[in-house]
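Open the model in your viewer and colour it by chain. This tour walks across one interface, stop by stop.

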Amino acid sequence: MHANILVIAEHLKGRLSGIVFEMLGKAHALATETGGGVEVLLMGHGVRALAEELGLASRVLLCDHPALAAYTPQACLDVAEQVIARRAPDLVLIASSSMGLDIAAPLSVRLGVPHVSSCRDLRITAGRAIVTSQMYGGKMLVESHLDLRGAIVSVLPGAFPEDAGRIAREAVIEALPVEGLDAPHMRFTRLIEQSGTDIDITQTPVLIAVGRGIQNRENIAMVEELAAIAQGAVCASRPVVDQGWLPMTRQIGRSGMIVKPKLYMALGISGAPEHVEGMKDAELIVAVNTDAQAPIFGIAHYGVVADIADVVPALTEALRNAHAPA
Amino acid sequence: MNSNGAIRIGFYICHCGTNIAGVIDVDAVAAYAASLPGVVLSRDYKYMCSDPGQDLIAQDIREQGLNRIVVASCSPLLHERTFRGAVERGGLNPFLVHMVNIREHGSWVHEDGGLATTKAMDLVRAAVRRVVHHIPLERSRVPVHPDVLVVGGGIAGIHAALTLAAAGKKVTLVEREPSIGGHMAQFDKTFPTLDCAACILTPKMTAVKAHPNITLWTYSEVTAVKGSVGNFTVTVKRKPRYIREDLCVGCLECIDACIYKDGKFADEFNLGLSKRKPIYVPFPQAVPAVPVVDPEHCVHLKTGKCKDLCVQICAERNAFDFDQQPEFIDITVGAVILATGFTTFDAKRIPYYGYGVYPNVYTALEAERLVNASGPTGGEIVLPDGRAPASVAIVHCVGSRDADYNRWCSRVCCMYSLKLAHLIQEHTKAEIYNFYIDMRSAGKSMEEFYNRVSEEGVHLIRGRVADIYPETANGKDGHIGRVIVQAEDTLIGRIRKIPVDMVILSVGLQPQDDAEDVRRMFNISCSAGGFFLERHPKLAPVNTFTDGIYLAGACQGPKDIPDAVAQAGAAAAEALALIDAGFVELEPNTAYVMEEECSGCKSCIPLCPYSAISFAEDVLKATINAVLCKGCGTCVASCPSASIRQHLFEDAQIFSEIEGLLTHA
Amino acid sequence: MNIVVLMKQVPDLVEELEVDAGGTLLDRAWLRFITSEYDDHALEQALLLKEQHGGTVRVLALDMGEADEMLFTALAKGADSAVKLSGDFATGIDSHSAAGIYRHALEGASFDLILTGVQAIDDLDGPAGAMLATHLGLPYIGVVSGIDVDTANGEAHVRKEYPGGLLAEFTVDLPAVIGIQAAMQPPRYVPISRIRQTMKTASIDETAAQGERIAGAISVERMYKPERAGSATMLEGSADSIAERLLDILTEHGIGR
Amino acid sequence: MLATEEAVEQMWGVTLDRLYDSEEGRRILSCIQCGTCAGTCPHGEHMQYPPRRIITMLKAGLIEEVFASDSLVMCVNCYACQSKCPRNIRLTEILLPLVKEQTIVRLPQMPPELQKAVENSYRYGNSQGESARKRALWTKTATVPIRILADDPRPVDALWFVESDLAFHPRGQDVARATARVFDALGADFAILGNEERTAGDCGRLSWEPGLSEALIDYTMSILKKYEFRRIVVSDPHAFDAFKYRYPMFGFDETVESTVSYVHRDLEKIRPRLKKRLEYTVTYHDSCCLGRHNKLFEEPRELLLAIPGIRLVEMVHTRENGLCCGGGGGGMWLDTYYKARGIERLSDRRVREALDTGADVLAIACPYEISRFEDAVKVAGAEGRLRVRDIMELLVESFGDA
């Protein structure tokens, strides 16, 4: 049985999110496998150029409307509902992102179809979608089976390779009419950039990241020492920033920065999906955590089960000695 | 060894440890002294005042035939008596010694040892020249009358009188109020023990009345004093109370009988908080229990037209005597104890405390009467409108420690304020706020009392009250509004404005209004604040500069009851020591008149601070009473005809001394 | 400003999670429950808005885990009322069913805002708050970390978090449902004595949960712990030897020089 | 003035509005504002309202202002003010906790680490936030058998109350294992509660959270009721304090001993085992609870001197006048809070005093000190020069066979 898959694209500040290509690549592979097709729904205003990037899809469904100039949950939800109802795909893939989280579950209610969140893996076997979700902060994997009758799957960033979706091919673009966006209950006002005085961690090749395991503010000094000697910068997962120990500009993850450094050293970070989203593409990931079960070890290249208070000073010392003239 | 009439001076210089020798080269001074004319012996010694030092002098006099002695050491104030004694023990007249002060005037005040040594030599030279002219003098003795006068019938006077009487001395106790008892009789409880003031005072008052050795004259005042130590003649004015003490038995029926059914005139004892009749006793336990008739208000005395119900009811005793006149009686005594007490600061003088303006602002003495069961309210603490206060502020240091009023600490206010806080809280359960500058609770059991009261939950706020003003106007129904007491709480640096129903001003103690008159009459001195001055604050605290006159109680300075009683006992002991010796010995350094040269100009008489000079009408010359003369020299210097001279300060002695000084090479 | 807060209990990750014999559910024998972190933030945000604008905060929860303690804590923190929806939740409940129950509980009720955590660690079928909004026909915005209410115009200004430290501000007509990522300040502390006191003095309204359970839409076939250490090469030994190994690895990758 | 058991009854139920109902509370009225409390307080200079001013503000009815300031967040429950008060006012035991309680709840924001520690203590029975089921894990690496009462509930002589820092902190676990070895060497009949144990709710650090303290006390009392034992031996001085002074208010009347005095009593039994000479210069830090509050000054020193080779030197602040490590009264979780206000950590100051003695070992008997002082040694750059060792660890080291 062939599966027709609809991918809902998202973009911000004129760029498509990486997850769109992850989903597109995966959808393409599954569709090819089952003999189905892939359509991408792209909503926006004046975003035809973005549609051109989505050539791997059988068809890009372009909904262009001034009301979609900036992402608004209500408008996207309304448009997506109309499009899905009209195209009746077997499977809908939505990013498990700030935007996707707003619309995936409501769509499932409106359309009366199942929804599975936090997808890390997806297969199609015997006419059913087999979704592996990362639950309980990554401590459990849950495998659920869905009938291919329009089910919606929210895909965690980092689940699939992005490159597979970036095949350069001329896109088939079909513009769809957009209706019913006249009386919105919500209006986009503005984008707020976090103050830019701090260093730009997206441009720093070495990042030393700290999480809950840091215990207290004083230990940040220890980590800063390591970062200094490694010529990198200190960043953090959300809890550390919430404590006010580091500025928001240093936050990695869903609501923070997306980084792709040469080295990402995760200290005391368990590896919750929201965090992993922001750093999974680092070239080299080294994780230090006292909990051997921490999901961060699932994406790290090297892992150390230890107290960061022991490892960090030792590594700082080793680096210092390595730098010292012989 | 015989001196054969030649001057043989012995010189002694004291090291005083390093006090003198550390600065002055005593060897050099001793060697220099040896070179002076008349000096036959010169010694230095570590401590001349020590027994071996004194013995050295006595022995040298005997063995070396010395007839003049010069000691270079400390101030004569300290050791002149010592060395005179040593000289006397050596068999020489004690007035043939002279001291040179090279410590207070030398080593202690100079840093340059060389110059100090030179100065010491100069002083020694002057002394050696002076001592040559010393002549033997004799001390004289005057007999002492064995009776004592105690002026003032407060607790100090009572205690002094009882002590002397117990020693078998005849005492006259003079009190100007109708009853003895003084301020203590007005108090409710006494700190720190909180025993009832009347309970401990009245037995002593009764004892005074009952003691055969005590003559008690109340409603009486001293009007004149003559004579000197051992032999004073004192004039006492006995005011008429219009009731004969010898006939009255104290039944007080006359008071009930008075045509005034209720009190109508301000009651002095209750500070005007209640009314009395024209005939009254100040308080129930008064001693003597003899009523007084107030001539200002007695209808009989004012108009002569009264039913005289009082006289009628006393018919059997017939003690009334409306014809009584003031009586002046002279008594002779050997010593006088002044126990004239104090008065409290007039709170009206500090306008911002509102005393006399707001009806709920009281003085501490008034508060004493309010808490007293025999007081105007029967011991109920109530405001003029009859309500009990729910909050009371007690303001310490009113009129004390204040350059605008009295600079001194009145010493008793902290403790009596705490006592009042305790009593008022006990009576009313009111919130009590004591505002203090410093909490002074020195003395036995005082700190413990302070602790006790603070633990009772009295609010102790450190800060001098700066303002008292009404929170609300007084109500038409006579309701007394609260006042706000404003002060900085210095311990938290915050201004506190506490509304209270009642304010008590802890007024300070000050000299009696007529203290100056008393001072003149008894020829004593006052300290800066007007309290009588003791001869020495530490070593002669109950003596005055006038021999035979002693101080007891708060007339010398603010003090509490224990201290007043202790001082009264001390004054009595000093008086006893004087009387029991039977005589007084007079120093011979007195002035004397060269009668033949005196012109009788009388210019010296008013100058004498001790009233020792009188004019002999028979010969028309000045004459000096050696018993009174203190040797101050004022008359000597002032006599236009140089006819007054003074022993030990003869011209020859002084001029030689000056010459000695001036011959400094 | 009347606010409804939806809160729920989720498994406490401090304890080891185990899978039951059936292989599709958590072994509840060892499970401890804790209030979902995001819901705590939703409550905090509600209390902050109440402090600012007055009104009431009403907390709704399904009778799962330690719901009573959670609700009493909410009351102790300042919520005005707490409703416990009881039913058979012994093996948990999917979000679609939960949203249905909330819908029954809230239909016809008067409120200005519904706040709830943007998600929870056990939301396999997505966040219930977003679904509830659909049921009630109300606007929904999630991943919100700041709300200002303009009561005069009946709207709220919300700040939604985007990747890269960006915030998007929206104006939403009230009533609305908001999925809270973080309150404008960390959840407050409430003394345990006050919680205990609240347990004695306050009460929780308990009503039976209504609304059909949606069964079988998703069929969970398997639940299992992730392979330990996934792809990571684990380094062991003393801190110093680990440091040396790391140094080699970094050097190999051309880092740290 | 230090706590006495007799005073415990007096401290029961004292609240700020009923302060003067008890004799001990009324002592506050006897304050003479001498300021000794403020002067001796290790954080006095950082308090807007040091104890002296708190008393005046209380008497002036302005205590709300004190609550609104964060002065009492600085209080580390070190008993210094109480021990020097010339009026014997029980500041640390009675007044300050009541003020602190109100201060903490009024803070605009509770310091996050402190909030976490409290919430963890309530939820998991340990401030670390570890699973209660992992509490006895350390025993698996102990070198002597350790009986856990839940598994083997026979009566026991000494019920050893281990406390969370020894059970969970890696260095604390070293001390726990060493303590077990010493007990074993004593031939002691001892057992632990294992996973049933929860933090004792130490009166010092948690007294500003009476609800938590009471919840933990209720729990621990209910567990203790299950077993028969002759005494409770407590390793953590804060827990010792809690059992001695706070539990009795809840009807607890068991014999309580600190590990130090328990071992000291039978010192002769292990003396023959102390064979290995430890050529260390040791300085001993008096824990506030063990020392100043319970007068255990000589016992720990005698244990140290029983070890051959050890030379004992004293820091400038010692015994009654010892300097707090800054960990009590919640200070353990306030380092960040203090640092943000420019307040030097007391543990840093204390370690400088230890370094000034020239000692190479800083001996301690309180599990707080290990983490605090080892950290401070790093701050001082004295790693390798000064080691922090629990007395039990030193005793075991002298056994020489491990």
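Select chain C and chain A together. In this predicted model, 77 residues of chain C are in contact (heavy atoms within 4.5 Å) with 80 residues of chain A. The two chains bury about 7,000 Å² between them, 63% of it on carbon and sulfur atoms. Buried area is the accessible area (1.4 Å probe) that two parts lose on being put together, summed over both.

Before moving on, note the conventions: residues are numbered from 1 along each chain as its sequence is written, and chains are lettered from A in the order in which they are written. Local features need pLDDT of at least 70, side-chain atom pairs count only at pLDDT 80 or more, totals for chains, interfaces and linings use all residues, and side-chain values use heavy atoms, with hydrogens and water left out.

Next, show C:Glu161 and A:Arg238. Their side chains form a salt bridge at 2.7 Å, N to O. The rule (a side-chain nitrogen of Lys or Arg within 4 Å of a carboxyl oxygen of Asp or Glu) finds seven salt bridges across this interface.

Now select helix H6 of chain C, residues 239-252. H6(C) gives the most to the side of chain C that touches chain A: nine residues. Helices (H or I, at least four residues) and strands (E, at least two) are DSSP runs, numbered from the N terminus.

Last stop: strand E12 of chain C, residues 219-224. Zoom in on A:His145, whose bridge partner in E12(C) is C:Ser219.

Key: Two strands pair if DSSP finds at least two bridges between them.
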